[in-house]
Amino acid sequence: MPSSRRRRSSVVLTAALSALALSLAACTPGSGSNNESPAADPDRAVETDVAAMGEQTLTVWDQEVRGGQNEQMTQLNDAFMAKYPNITIDRNSQSFDDLATTLRLALSGEDAPDVVEANNGRNAMGDFVAAGQLLPLDPWAEEYGWADRYPDSVLQYSQYSEDGKTFGSGNLYGLPQVGEVVGVFYSKPKLAELGLEVPEDWSGFEAAMKTAKEAGETPLLLGNIEKWPALHVFGPVQGSLVSTEDVEKLGFGNAGASWTTPENEEAAQKLADWQSNGYFNDGVNGTDYDAAWQSLAAGDGVFLMGGSWLAADLQDAMGDDVGFFVPADAAGEAPKTTGGTGLPFTVTSESENPDLAAAYIDFITSDEAMAILAETGNLPVVDTQKYAPESGVLQDVYSEFGTVSADGALLPYLDYATPTMADTMGEALQGVLDGRTSPQEFTEALEADYAEFTNAG
């Protein structure tokens with residue numbers, strides 16, 4: 001996230017990095033400059049001595065560009081190179097949108113990077129798997145015990161069948177570093193000025209937005225020029241109205257559900273009503289994503305619906321004046337909301353150093369790495385509660401992630417569903433927000449995309 005926050009202690013961070021640099025001496029694989037890998041040749045064992053590989057360069061593409069994200073990658077890359085002076089990491093960091101654009105072309109060329117962060121969805125990882133552009137990581141997963149490190153509920157977000165058609169089972173193609181949960185950030189001073197408590201449920205949240213509007217405030221900030229941010233408003237609303245089973249089928253692109261239901265129309269109508277009631281900022285479809293959270297930090301709004309990845313930036317900008325919650329369907333119930341994992345790190349089929357690439361992924365997802373993630377304001381996907389801070393918005397995020405994942409429901413990102421769903425839903429939601437698309441037309445557009453994909457097998 002854009003600015004770097006000061007953490008508990010440089011001594012703690014240094015100690016954690018030292019532990020990380022010393023911890024993996026006997027469990028990291030390597031290879032020479034050889035495209036042959038255990039995934040391609042089951043008879044070839046995973047090699048384990050990175051230090052003996054000789055001078056090599058590992059090319060890594062990631063989208064960890066914001067302050068806390070960038071900081072953790074910088075720290076971990078430095079630690080890896082300090083442990084293995086024979087290895088140079090050539091890092092290419094791009095925004096989420098830029099990486100989505102450039103990665104597809106890069107993977108089809110002769111100079112593909114070794115390690116890439118690939119969106120879990122069918123239009124990215126699914127397509128790359130089907131095209132044979134990513135290596136299945138099962139040999140390395142067995143070598144390092146990744147199934148013991150990660151629960152099945154996390155690994156499923158990076159599993160596909162070899163042909164890319166089945167999502168959620170099959171071969172393992174990547175490992176994420178962070179967990180993600182979508183909820184509501186809020187300005188504590190604004191709530192205090194309005195005489196409001198933190199809402200417990202959706203009805204309380206809507207009542208708070210009504211009060212804010214009547215007081216002349218902008219109730220809900222959204223920057224949707226990139227189209228995908230509105231999915232993080234619609235998804236949690238849908239989760240409060242549609243059964244968890246149906247949302248999971250729709251989100252993973254599995255047959256057996258339908259978009260054209262009264263509940264899905266009601267969810268779309270909710271966003272249309274919020275817009276007509278003036279709850280959103282002016283010009284949501286022309287506002288940049290980062291500009292929206294920056295407006296909250298500047299005191300120009302009350303609420304912002306977004307993902308946990310914004311927490312570090314908002315804490316940098318607002319300190320103790322920002323909080324986070326996930327509305328429940330009703331007070332006292334466990335909430336359901338969009339979430340899952342961050343983009344997993346994968347190994348490309350063109351990598352000349354597949355063992356080294358897997359070693360790097362193992363290193364940046366180790367227990368010691370999770371401590372660094374927490375230190376830099378990120379949400380470790382493994383043993384999350386172990387790293388929860390004592391106060392602040394990050395404590396809110398850790399707590400809500402734990403509650404949702406353990407007691408409620410962590411629902412898939414809806415653009416996972418089909419190779420074209422991100423574009424279909426992004427365009428349709430922009431239409432709902434500017435009045436071009438009715439809730440019925442919205443669900444019909446999504447049903448056409450979903451049904452065409454699932455009926456094709």
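**Close-up views of a predicted model**

**Figure 1. Strand E1 and its neighbours.** Strand E1 covers residues 56-62, and five of its seven residues are buried, so the strand is largely enclosed by the rest of the structure. The model shown here and in the other views is predicted. E1 pairs with strand E2, residues 87-93, in the parallel sense, over seven bridges. Within this pairing, Asp-62 stands opposite Ser-93 of E2. Between E1 and E2 the chain passes through helix H2, residues 67-83, and the β-α-β crossover is right-handed. E1 also runs parallel to strand E3, residues 115-117, and two bridges join them. Val-60 has Val-115 in E3 as its bridge partner.

**Figure 2. The second largest pocket.** The volume of this pocket is about 390 Å³. Its lining has 23 residues, and those closest to the pocket centre are Ser-153, Val-154, Phe-401, Ser-405 and Leu-410. Five elements are seen in this view: helix H7 (152-155), helix H11 (244-252), strand E10 (336-341), helix H17 and strand E12 (409-411) each give two or more residues to the lining. H17 gives the most, with four residues. By class, the lining of the second largest pocket splits into 11 nonpolar, nine polar and three charged residues.

**Figure 3. The largest cavity.** The structure holds one cavity of 30 Å³ or more. The largest cavity has a volume of about 70 Å³. Its lining includes Leu-222, Gly-223, Pro-229 and His-232. Tyr-289, Ala-292, Trp-293, Leu-304, Met-305, Gly-306 and Leu-310 also line the largest cavity. Helix H13 (289-297) supplies at least two of the lining residues, and so does strand E8 (303-307). The lining of the largest cavity has eight nonpolar residues, three polar ones and no charged ones.

**Figure 4. The Phe-205 and Phe-303 ring pair.** The structure holds 24 aromatic pairs. One of them joins Phe-205 and Phe-303. This pair is edge-to-face, with 5.1 Å centre to centre and 80° between the planes. Phe-205 lies in helix H9, residues 202-214, and Phe-303 lies in strand E8, so the pair ties together parts that are 98 residues apart in sequence. Phe-205 and Phe-303 are buried. Ring pairs also link Phe-205 and Phe-303 into a cluster with Tyr-186, Trp-202, Trp-274, Phe-280 and Phe-325.

**Figure 5. The Phe-234 and Phe-442 ring pair.** The ring centres of Phe-234 and Phe-442 are 5.1 Å apart and the planes are at 65°, so this pair is edge-to-face. It links distant parts of the chain, 208 residues apart. Phe-234 sits in helix H10, and Phe-442 in helix H19, residues 439-455. Phe-234 and Phe-442 are both buried.

**Figure 6. Two loop residues with positive phi.** Most residues other than glycine have a negative phi. Lys-227 has a positive phi, near 80°. Lys-227 lies in the loop between strand E7 (220-221) and helix H10 (231-241). Its relative accessible area is 31%, so Lys-227 is partly exposed. Asp-383 also has a positive phi, near 55°. The loop that holds Asp-383 lies between helix H16 (367-375) and helix H17 (393-407). With a relative accessible area of 44%, Asp-383 is partly exposed.

Figure 7. Gly-332 lies in the loop between strand E9 (322-325) and strand E10. The relative accessible area of Gly-332 is 81%, above the 50% cut-off, so this glycine is exposed. Along the chain, Gly-332 and Glu-200 are 132 residues apart. Their C-alpha atoms are separated by 7.8 Å.

Methods:
Residues are numbered from 1 along each chain as its sequence is written. This is a predicted model: local features need pLDDT of at least 70, side-chain atom pairs count only at pLDDT 80 or more; totals for chains, interfaces and linings use all residues. Side-chain values use heavy atoms; hydrogens and water are left out. Buried means under 20% relative accessible area, exposed over 50%, partly exposed in between (1.4 Å probe, protein chains only). Two strands pair if DSSP finds at least two bridges between them. A crossover is right-handed if, with the strands pointing away from the viewer, the path from the first strand over the helix to the second runs clockwise. On a 1 Å grid over the protein atoms alone, a cavity is a set of points where a 1.4 Å probe fits but cannot get out, and a pocket is an open set with protein on both sides within 12 Å along at least five of seven lines; lining residues have an atom within 4 Å of a point. Grid points are joined across faces, edges and corners, and a volume is the space filled by probe spheres set on the points. Ala, Val, Leu, Ile, Met, Phe, Trp, Tyr, Cys and Pro count as nonpolar, Asp, Glu, Lys and Arg as charged, and the others, Gly among them, as polar. Rings of Phe, Tyr and Trp (its six-membered ring) pair if their centres lie within 6.5 Å; planes under 30 degrees apart count as stacked, over 60 as edge-to-face and the rest as tilted.
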